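Have the sequence and the 3D view at hand as you read.

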Amino acid sequence: MLKIINKKIKDNSCLNLISQIITSFNKKSGKGLPLGNVTSQLFANIYLNELDKYLKENLWIKSYLRYNDDFVLIYKNEEYLEDAVEKIKEFLDKNLKLHLPRNKIILRKYSWGIDFLGYVIYPNYILPRKRNRKRLLRVIEKKIIDYKNQKISYDSFMGTVNSYLGLLKHANSYELSQKIEYLIYFNLYHAGEN
């Protein structure tokens, strides 16, 4: 990481601060910064930019998505992708000292949808991942009970609801949004009328 950063940043004070951040954690068997660390996302993007360049410049992958350490390659030829996976594993191991777990590699047709960052992306629409939809409804139902039992405030309850509705805006999830609104109306407002 420091070698990569040293290529771009020439300010010694800045380099010293970055070095202190990176080396301030106990390293256990080659592990680096903890994932929850505020700087982890920034450093992951800097570090994995090397992979981005390799995919574009060496493997000529044009359709490529990456968010931190999650990435998707889209290509019309399955054999090419299988070969690319082996080259990526070799590149990561040799150049970045990273391991690509075999159980995380999934080859599938684009028309089946791409499972990425909590959504399943299809050619013409996006859905929240099925298990996320189920969890979302369970959380909302629990929050309704907590609010009715005065364990949480209205602001806290609505903060959770609005957060989930905000996530659903990135997908074609009108029916799920309506189901949430119905749950709230039926359990809080309609029930209060009886």
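## Handedness and ground rules

A crossing counts as left-handed if the near helix is turned anticlockwise from the far one by less than a right angle, and as right-handed if clockwise. Helices here are DSSP runs (H or I, at least four residues), numbered from the N terminus.

The model is predicted, with local features needing pLDDT of at least 70 and side-chain atom pairs counting only at pLDDT 80 or more, while totals for chains, interfaces and linings use all residues. Residue numbers start from 1 along each chain as its sequence is written, and side-chain values use heavy atoms, leaving out hydrogens and water.

## Helices α3 and α4

The crossing of α3 and α4 is right-handed. Helix α3 (residues 40-57) packs on helix α4 (residues 78-96) at about 140 degrees, and their axes are 11 Å apart; axes are lines fitted to C-alpha atoms over the stretch in contact, with angles from 0 to 180 degrees between N-to-C directions. That makes α3 oblique to α4 (under 35 degrees is roughly parallel, over 145 roughly antiparallel, 65 to 115 roughly perpendicular, the rest oblique).

On the α3 side, the contact (heavy atoms within 4.5 Å) includes Tyr47, Leu51 and Glu50, and on the α4 side Phe91 and Lys87.

## Helices α5 and α6

Helix α5 (residues 130-148) and helix α6 (residues 154-168) have axes that come within 9 Å and cross at roughly 165 degrees. That makes α5 roughly antiparallel to α6. Their crossing is left-handed.

Among the contact residues are Ile140, Lys143 and Tyr147 of α5, together with Phe157, Thr160 and Tyr164 of α6.

Definitions and conventions
Helix = DSSP H or I, 4+ residues; strand = E, 2+ residues; numbered from the N terminus.
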